[in-house]
Amino acid sequence: MRKWRLTASIALILGTAMIAGGIYAYMTNAKTSVNKVTVGDVHIKAWEPGWPAKDEDENGVPDESELLVPYDEVAKDPRIQNTGTNDCIVFFKITSPVEELVVIEDDGTRHAAADADLFYFKQTEDSADVHANHWDENWIELTDLDREFVTCEETNEENKGYTYIFGYHVRLAKNDITTNLFDKIQNKKYGSRTISANETETIKIEAYAIQADEIRQNGAAMDTSGELTREQLTSIYQVFFNQNADRL
């Protein structure tokens, strides 16, 4: 397998791709004949404190994420905080870079060449010999919407990506922080003719939020006060996507 760089723009994209939903709350407070109206807001912060920052050669790629070889692991721990006034429901969309790979098992078995994403997304406790995705249990994968091959200019030279979409299991109150969607990534073991020497591969992470109240489903306000189901989160995400289609 050729060596390649994992780009530092992962962290930069996470910091700039956050979009807050455009549904806002209107809270009223009447006093005598004067009506006072305050407008709520939906704002979030997404960040990865574990993502390595050291870059001695100043090439824009953290040293720990350069020239990865099979099964190398790099800390990466995205989470979201509600920094606005209103309660909100939050989502992560991951676009993992895709190449044509010959995936190789530990015993040397080689699979047929096929398009596949390059990484496993894992938890801190997962050992290096566990080769599988392991998402945090508080994040619900929206399986009706994700796991698609897409065109994405930020991912690699071929602009090919594979999507994962997750919703958090409960609404976030002001200042609440989610658990990490995952804690680290692991490079898969493979051969590939499509990865050029020192090619930059970018994991694109987008964090989204929408106001938790007055979300309509089948003409009625959805109850978002407790645990949210996959069906609810899928419906909410589609509402968010529809009203922000021109920005996504």
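Which residues does Thr 234 touch, not counting residues up to four places away in sequence? They are Leu 142 and Leu 145, where a contact means heavy atoms within 4.5 Å. Before going on, a word on the model: it is predicted, local features need pLDDT of at least 70, side-chain atom pairs count only at pLDDT 80 or more, and totals for chains, interfaces and linings use all residues. Residues are numbered from 1 along each chain as its sequence is written, and side-chain values use heavy atoms, with hydrogens and water left out.

Thr 234 sits in helix α2, residues 230–243. Helices (H or I, at least four residues) and strands (E, at least two) are DSSP runs, numbered from the N terminus. Thr 234 counts as buried because its relative accessibility is 10%; buried means under 20% relative accessible area, exposed over 50%, and partly exposed in between, with a 1.4 Å probe and protein chains only.

Now turn to another threonine. Thr 200 belongs to strand β16, residues 200–201, and with a relative accessible area of 25% it is partly exposed. Thr 200 and Leu 67 lie 133 residues apart in sequence, yet 9.7 Å apart in space, C-alpha to C-alpha.

Finally, let us look at a sheet. It is open and has 3 strands in the order β6-β14-β10, with antiparallel pairing; two strands pair if DSSP finds at least two bridges between them. At the edges stand β6 (73–75) and β10 (119–122), each with a single partner strand, so one side of each has no neighbour in the sheet. Strand β14 (residues 184–187) is joined to β10 by 4 bridges, and Tyr 120 has Gln 186 in β14 as its bridge partner.
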